[in-house]
Amino acid sequence: MEYTTLEKLGARVSRLGFGCMRFPTTPEGQIDEPRAAAMLDRAYRAGVNYFDTAFFYHNRTSEPFLGRALKAYPRESFYLATKLPMGIIDSFEQAKEIYEGQFVSLDTDYFDFYLLHALNRERFDFAAQTGILDFLIEQQKLGRIRYLGFSFHDDYDAFEHILTYRDWDFCQIQFNYMDVDVQAGMKGYRLAEKLGVPVVVMEPVKGGSLATLSDEVTAPFKRERPEKSVASWAMRWVASLPNCRVILSGMSDEAQVEDNLATFDHPEPLSERELAVVDEVREAIRARVFVGCTACRYCMPCPFGVDIPRNFRMMNEYAMYGSERQLAAVWADLGEGRADRCKACGKCEKACPQELPIREKLHEIARKMA
């Protein structure tokens with residue numbers, strides 16, 4: 001197992017972190033605890049020492065399960081990370097109550113890495129204005145939190161706003177070879193590197209999408225390194241960036257554990273030739289997009305409530321990665337913003353700087369989804 005020392009913090013962490021949001025489950029949807037515990041044990045004994053959970057994971061059962069499972073090991077031998085669920089918090093008192101409950105759930109006296117979870121600009125400003133952030137800073141001074149950071153889902157401007165607000169111990173971003181221009185992206189990575197803020201990476205394989213690509217798309221990977229898994233290319237791409245200190249993987253079966261352990265057993269940074277191969281695959285994925293929408297939102301608002309950019313993003317994701325589960329989830333979440341509410345008035349097309357056939361594409365989405 002490769003390790004990195006977070007110079008700013010004095011912590012020696014494994015480059016591979018175990019994300020605890022996708023454990024194997026029983027037919028009833030509960031964590032399959034014997035299998036999950038065995039997977040954690042396999043990773044721990046192979047050198048993984050960073051375990052990342054959150055209040056919401058597995059319908060709020062990940063924290064208590066992980067707390068029980070990690071009792072098998074000396075507390076000082078691993079780093080425990082969890083998060084304050086800012087998406088549901090509407091008061092300082094609620095934040096404090098959830099925070100205190102997490103110590104009970106995880107059966108610990110301190111958190112090694114503690115994060116404000118899934119921040120966007122609005123959630124961060126709320127945490128700063130209500131005293132939640134100051135409370136966590138005080139808790140860190142008391143030793144109940146060793147390192148304080150945040151996880152992030154918004155655009156680059158919001159990331160810069162949050163990252164430069166104070167001297168953070170670390171930050172956690174969604175980052176992979178397809179998301180270089182999404183959310184914080186490569187620009188955010190470079191800013192964190194410049195400021196000396198260690199980056200923890202989530203979704204390095206884009207929720208598994210980059211591990212299940214078609215044989216046609218991944219042919220360059222197999223041609224170059226037939227012995228390497230498709231997922232390992234995504235992991236190595238992230239690990240090749242020096243300030244991506246911990247790369248989280250939400251491992252859901254034993255094969256994924258073994259593949260990741262093999263990848264991080266003396267991992268090789270991607271060579272220039274291999275980076276070119278990744279570029280080739282990236283372009284092959286992008287060539288499959290449904291519509292060339294740039295999400296500029298000049299087409300909005302729609303008089304009939306259709307969320308045009310989100311419908312297009314949904315279909316582009318499906319065209320590139322083929323996840324029917326994600327497609328169904330986004331379609332359900334769109335509600336009144338679905339493409340089938342389009343009345344073909346044409347207002348959107350008059351405003352579109354790309355001159356896209358928006359009405360035709362919305363009707364195509366409606367037909368496909370029907």
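Is C342 buried or exposed? C342 has a relative accessible area of 15%, so C342 is buried; the cut-offs are under 20% for buried and over 50% for exposed, with partly exposed in between, using a 1.4 Å probe and protein chains only.

Before going on, the ground rules. This is a predicted model, in which local features need pLDDT of at least 70 and side-chain atom pairs count only at pLDDT 80 or more, while totals for chains, interfaces and linings use all residues. Residues are numbered from 1 along each chain as its sequence is written, and side-chain values use heavy atoms, with hydrogens and water left out.

Cysteines next. A disulfide here is a pair of cysteine sulfur atoms within 2.5 Å, and by that rule the count is zero. C342 takes part in no disulfide; its nearest cysteine sulfur belongs to C348, at 6.2 Å. For C20, the nearest cysteine sulfur is that of C244, 20 Å away, and C20 is in no disulfide either. C20 is at 0% relative accessibility and therefore counts as buried.

Now two helix pairs. Helices are DSSP runs of H or I with at least four residues, strands are runs of E with at least two, and both are numbered from the N terminus. Axes are lines fitted to C-alpha atoms, for helices over the stretch in contact, and angles run from 0 to 180 degrees between N-to-C directions.

The axes of α1 (residues 33-45) and α11 (residues 254-263) come within 10 Å and cross at roughly 10 degrees. The two helices are therefore roughly parallel; that label covers angles under 35 degrees, with over 145 roughly antiparallel, 65 to 115 roughly perpendicular and the rest oblique. Contact means heavy atoms within 4.5 Å. On the α1 side the contact has R35, M39, R42 and A43, and on the α11 side E254, V257, E258 and L261.

The other pair is α10 (residues 230-239) and α12 (residues 272-286), with axes that come within 11 Å and cross at roughly 120 degrees. That makes α10 and α12 oblique to each other. W233, R236 and W237 of α10 meet E274, L275, V277, V278 and R282 of α12.

Last, a residue in a loop. N243 sits between α10 and β10 (244-249). What is the relative accessible area of N243? The value is 7%, so N243 is buried. Leaving aside residues up to four places away in sequence, N243 touches Y189, A192, E193, V197, P198 and V199.
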